[in-house]
Amino acid sequence: MKPVSFYLVTDTHYFENELGAGGKAFEKNMLTEQYFVKESSAIVKSTFARISDDEETDIVIIPGDLSKNGEKESHRSFIKELNVLKEKNKKVYVITAGHDYNDNAYVLQDEGRSPVEGTDYNDLCDMYRDFGYGEAIAFDKPTHSYMAEITDGVRMLAIHCDSKNQPKGAMDDRLMAWAKEQLDKAREDNCSVFAICHYPIIPPVPVFELVGDAKIRDWRKVASFLADNGVELVLTGHMHIQSINEYYSENGNRLIDVCTACLVGSPAKYRKITIDEESVLRIKTIDVEDFGWELNGLTAQEYFHKHFYEAIIERVRGALRGGKGILGYIKALVLKRFDKIKVGTVERLLFIKRDKALKDKKLAELIGEVGVGIFLGDGVHTEGTPVYAFISGILDKFSFVLKKLEPKLSKNGNTVNLKSLLLDTIGNNKGFSDNNAQFTLKK
């Protein structure tokens, strides 16, 4: 891989506050939301200002979900911020995604949804022409995918798999054929190529293998296609998580998927990526810092994670509400006691071997902490830790349920082991970090 250096920013979800989101419906929605809306513009401006201060790196890449939900005014304001980067001599390359077009855009206010001007899918390329599309050396009109040479000898394959013209999250055979033509041409021109895609190619954590839109459709086929056609690095977002994963095709070719978190909510991070003359890939994660907002005495990272922690717990409460018959009755009982239940109580009721380190911790707190930890990457709850032992014990108690589910979840010859998927999700056993990592690429 030829030398290159750039910033990677994902899922900016920019919202123009003059649209007026607020009120009861808005605040209720925010109780279960991972990222911030009102703060998004301030976070983007602050982050772009820090990137602008780096005179050594002049490329910024943003792979999709640029706006909150396709509001035209949010796009207009976000483009102004991209132009500020350009004025600071930065070259910006974007692709759009599902949150960037919407024929029925709205904001939430006291009375509920209030319609605002939306964005047509077919207008996006013209709107972002100055940020990648206008420099494309090849363009796939049906999907808005493109190839651009971002610096001498280094090309970027921008895969758009969230268009109106194909199933969302898919890279079909027609798009693969177009991409292969561009990759073959790059090889003829002696150019290195990496790819960007809004959707992760490789499931960011093992349990996301079971979540339909947590990765690109038929991901092993797509990963093998890219790896076998000279793409060793792909940059992704969508799932608002910090993760780095490797996949090897049957031909022994490797794909590294660098999935990066949502900028405007926990984990609130972005990356600086460099590839040097020896083809050493270095991935550095940078925290979003103070962005000029009242944070109630918290650091920016504490502010982000506290909100997400509370949102996770509220989502669990929501799952326990409602239902009929005996199931509804049981859920109501659990909900009534949910905030007070201690881990030690669960261990005692299920006859799980007790660990004194967790006995007094509230179950809700543990759920929130584990959830935030998964999205931060570098899972610390590996074998031998109290949390690993607790979750493993619960899974063992319900192994009869897991065994019934596994055959239904096993598809295309890939056998699912639910216990392993869940335990490997809370603990990173890959041998390298999800945040700061180094790899040697092919030359």
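This is a predicted model: local features need pLDDT of at least 70, side-chain atom pairs count only at pLDDT 80 or more; totals for chains, interfaces and linings use all residues.
Helix 6 covers residues 219-228, and with seven of its 10 residues buried it is mostly covered.

Strand 11 takes in residues 243-248 and strand 12 takes in residues 254-259; the two run antiparallel and are joined by six bridges. One of the residues involved is Tyr247, which has Leu255 in strand 12 as its bridge partner.

In general, the strands of a sheet are paired by backbone hydrogen bonds, and they may be parallel or antiparallel. Here, six strands make up an open sheet in the order 3-2-1-13-14-15, and the pairing is mixed. Strand 3 (91-95) and strand 15 (437-440) each have a single partner strand, so each stands at an edge, with one side left without a neighbour in the sheet. On average, neighbouring strands of this sheet are turned by 20 degrees against each other, if direction is ignored. At the edge formed by strand 3, the pairing with strand 2 (residues 59-63) is parallel and consists of five bridges. Within this pairing, Ile61 has Tyr93 in strand 3 as its bridge partner.

A loop gives a further point to look at. Asn417 is found in the loop between helix 12 (399-409) and helix 13 (418-426). The side chain of Asn417 makes two contacts with backbone nitrogens: that of Lys419 is reached at 3.3 Å, and that of Ser420 lies 3.0 Å from a polar atom of the side chain. Asn417 is also 8.3 Å from Leu402, C-alpha to C-alpha, with the two residues 15 apart in sequence.

The cysteines can be checked next. How many disulfides does a search of the whole structure find? The search finds zero. Cys262 is in no disulfide, and the nearest cysteine sulfur, that of Cys259, lies 11 Å away. A disulfide would need the two sulfur atoms within 2.5 Å. Cys262 has a relative accessible area of 0% and is therefore buried. Cys191 is buried too, with a relative accessible area of 14%.

Finally, the whole chain can be described. It has 13 helices and 15 strands. Its radius of gyration is 22 Å, close to the 22 Å given by the globule rule for 443 residues, so the chain is as compact as a globular protein of that length. Along the principal axes, its C-alpha atoms fill a box of roughly 65 × 55 × 40 Å. Of the 443 residues, 56% count as buried. Among contacts between residues at least 6 apart in sequence, 70% join residues at least 24 apart.

How values were computed:
Residues are numbered from 1 along each chain as its sequence is written. Side-chain values use heavy atoms; hydrogens and water are left out. Two strands pair if DSSP finds at least two bridges between them. Helices (H or I, at least four residues) and strands (E, at least two) are DSSP runs, numbered from the N terminus. Buried means under 20% relative accessible area, exposed over 50%, partly exposed in between (1.4 Å probe, protein chains only). Axes are lines fitted to C-alpha atoms, for helices over the stretch in contact, and angles run from 0 to 180 degrees between N-to-C directions. A polar contact is a pair of N or O atoms within 3.5 Å; within protein, one must be able to donate a hydrogen and the other to accept it, and residues adjacent in sequence count only if both atoms are side-chain atoms. The radius of gyration is taken over C-alpha atoms; the globule rule is 2.2 Å times the number of residues to the power 0.38. Contact means heavy atoms within 4.5 Å.
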